[in-house]
Amino acid sequence: MKKIKTIFSAFKEMHRLEKRLIPTCVVVAVVMAVMPFVNIWFTSKIIDLLDTGAEAKELIIYIASAIGLNLVLFFLNNFFGDMFYMFRSLMYNKELQSISKKLFEAEYQRLEDGDFKELVHKHSEAQDRVFSSFVQFGWMMRDFISGMITLVISVIIIIPLFKIGFTKTGDTYFEKPVFLLTIFCSIAVMVVIILVVALKMNKAWFKASDEYSRLDRMFYYFLNMFSDYNTGKEIRLYKEQNLIEHTATDILLTDGEKLLKKVSLNSAKSSSFIAILGAVVGFGIYLFIGVKGLYGLFGIGSLVLYCGSFMQIINGIMKMAATFGKTEEMVPLVNYYFDIINTKDEMTYGSKELDSDKFEIEFKNVSFRYPGAENDSLKNINIKINNGEHLAVVGRNGSGKTTFIKLMCRLYDVTEGEIRINGINIKDYTENSINRLYSVVFQDFQMFSLPLSDNICAGKNCDREKMLDCLEQANIKERVLNMPEQEQTYLYKNVDKSGVEISGGEAQKLALARALYKDSPVVILDEPTAALDPVAENEIYNRFNSFVENKTAIYISHRLSSCVFCSRIAVFDNAELVEKGTHTQLLENNGKYSELWNAQAQYYI
């Protein structure tokens, strides 16, 4: 029942993504089903005409009609077949768009969730393996409808055959109704066996594909790595080729080959069994029709008609059976899509707007633990950041600094306690209010392979003068103006072969300029100068500190020299806020900050 519900949901989603696909699919299926019967019927009629000595004029009419109808059906099949292909492609693109839209609109904590990342990875692997589960459903629908129509037309054509020459007291077994019953029972048994075998075969194939994808994942991980020229240096300098070949290729060719051989062997056995079964039933059908023809119960033309129609019954059944078998593989794959699309955000927002020009941010007894983690990443944090204050946040790696910023930006909700903005719980504000409040440069910032102006302005409407001013503040304006297309120059060569490769330090300066362009009242810099040399770092701080003079600024840095520019320092250690104060006060306290400062200062003496 659940599978049937999923299948109906899949067709409903296919119709939502591309409304023209299903009607076109039905037309293609009807044309595909009808085409063989045109030749079967006209061939039988022409043979009958030849057998009865009909006039040439009548023969020409039938031949011309057969050719004309074939041309029409051929045209319709190709025309709507191409349309079907086009609509499938459009649907696939819209499917990708739906997934992409969901991913960039989903709340951040969902993207960091291990189960959700695994789900997205499975969906990507499924697309690599079968192209698209919805496209596969389109093919399955076409074949099922075509097979069903083929079956119906065949049965209608052969109904007269069942009425010919059956008597309870027939001289031979072949003249008795029991022979017909035997034929139909054989066909029914064949259908059941084919369905069962097809279902088991596709279920086994899906299981094997799922196991193989785990091996394949590593191979494609390295393959994607090879296409990134940035990794080429390390691979060559450290002679990592042998490691990669052993880790990826060898495992895939040994374990993967064994797995595929096993599945292919089982698949070959099943397919051979189905083929033999079909041949046996086909022989029985030919025997049934041949005996009736031998007794002179119908002419040669009818023999062609009945033989062709009976074999189309088998063809229709095989198509429908293959479709049913394919559902075992496709249903789990399409569920990956629905699980992603139907993922609900857990965070709720209030209706309050931040309409003040002054902002006070307070952490009150805040503790936080990442989902699935055993220990808290922050423990009982209490701190108030005053309007216009410049705060430095320092501490060892893993002490909770970046988590502190994520909570402040409400990328996660606190586990205990609350964060207040102007005395009101952060959860009571709208999402847009919180987003407008902060300009952030995270240590893992991203520059896109797009024109530089798009990276800075993050939108179509770009104020060039404002952008150039921000580039000046970030000390990279001159470099940009010397680029081939200035601010319209593409970054990197991923999209445009004439794109400009920039260094890590230049990218960091552009990220700073982007934060300045947003012009939010609170500026947060997470390791803003990690990729810069000391001189460039000093220039940035001198420029930047003056630019954010009237803003609230929060600096996270391992280089404690940045603390000199800040009015107050917060020191984190083992997920706790252990010290607060000015640079001078903390040095006098001779605590954790003093320890960190002296550890760095000894290298500058």
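Which polar atom lies 2.9 Å from the backbone nitrogen of Gly 388? The first legend below gives the answer. The model shown in each view is predicted.

**Figure 1. Thr 552 and its surroundings.** A polar atom of the side chain of Thr 552 lies 2.9 Å from the backbone nitrogen of Gly 388. Thr 552 belongs to strand S8, which covers residues 552-556. Its relative accessible area is 3%, and because buried means under 20%, Thr 552 counts as buried. Leaving aside residues up to four places away in sequence, Thr 552 touches Phe 359, Ile 385, Asn 386, Asn 387, Gly 388, Glu 389, Pro 521, Val 522 and Val 523.

**Figure 2. The largest pocket.** Rolling a probe the size of a water molecule over the atoms shows where empty space is left. The largest pocket holds about 1,400 Å³ of space. It is lined by 39 residues, of which Tyr 108, Leu 411, Val 440, Phe 442 and Lys 518 are the closest to its centre. The lining is made up of 23 nonpolar, six polar and ten charged residues. Several elements supply at least two lining residues each, among them helix H3 (56-105), helix H11 (401-408) and strand S6 (438-441). Helix H16 (504-518) is also on that list, and H16 gives the most to the lining, with five residues.

**Figure 3. The largest cavity.** The structure has one cavity of 30 Å³ or more. The space inside the largest cavity is about 40 Å³. Its lining consists of Glu 95, His 123, Ala 126, Gln 127, Val 130, Ser 132, Ser 133 and Leu 333. By class, three of these residues are nonpolar, four are polar and one is charged. Which helix gives the most to this lining? Helix H5 (residues 114-130) does, with four residues.

**Figure 4. Helix H3 along its length.** H3 contains 50 residues, and the distance from its first C-alpha to its last is 72 Å. This is close to the 74 Å expected at 1.5 Å a residue. An α-helix has 3.6 residues a turn, so residues three or four places apart point the same way. The buried residues of H3 include Phe 84, Phe 87, Arg 88, Met 91, Tyr 92 and Glu 95. Leu 59, Ala 66 and Leu 73 are buried too.

Figure 5. Helix H14 spans residues 464-473. Asp 463 caps the N-terminal end of H14, with a side-chain oxygen 3.2 Å from the backbone nitrogen of Glu 465. Within the helix, Met 467, Leu 468, Cys 470, Leu 471 and Gln 473 are buried. H14 is followed by Asn 475, which has a positive phi near 60 degrees.

Figure 6. Most residues other than glycine have a negative phi, and most peptide bonds are trans. Asn 380 has a positive phi, near 45 degrees, and is not a glycine. It sits in strand S2 (residues 378-385). With a relative accessibility of 47%, Asn 380 counts as partly exposed. Where is Asn 422? Asn 422 is in the loop between strand S4 (416-421) and strand S5 (424-425). The phi of Asn 422 is positive as well, about 55 degrees. At 31% relative accessibility, Asn 422 is partly exposed.

Terms used: Residues are numbered from 1 along each chain as its sequence is written. This is a predicted model: local features need pLDDT of at least 70, side-chain atom pairs count only at pLDDT 80 or more; totals for chains, interfaces and linings use all residues. Side-chain values use heavy atoms; hydrogens and water are left out. On a 1 Å grid over the protein atoms alone, a cavity is a set of points where a 1.4 Å probe fits but cannot get out, and a pocket is an open set with protein on both sides within 12 Å along at least five of seven lines; lining residues have an atom within 4 Å of a point. Grid points are joined across faces, edges and corners, and a volume is the space filled by probe spheres set on the points. Ala, Val, Leu, Ile, Met, Phe, Trp, Tyr, Cys and Pro count as nonpolar, Asp, Glu, Lys and Arg as charged, and the others, Gly among them, as polar. Buried means under 20% relative accessible area, exposed over 50%, partly exposed in between (1.4 Å probe, protein chains only). A polar contact is a pair of N or O atoms within 3.5 Å; within protein, one must be able to donate a hydrogen and the other to accept it, and residues adjacent in sequence count only if both atoms are side-chain atoms. Contact means heavy atoms within 4.5 Å. The expected span of a helix is 1.5 Å times one less than its number of residues.
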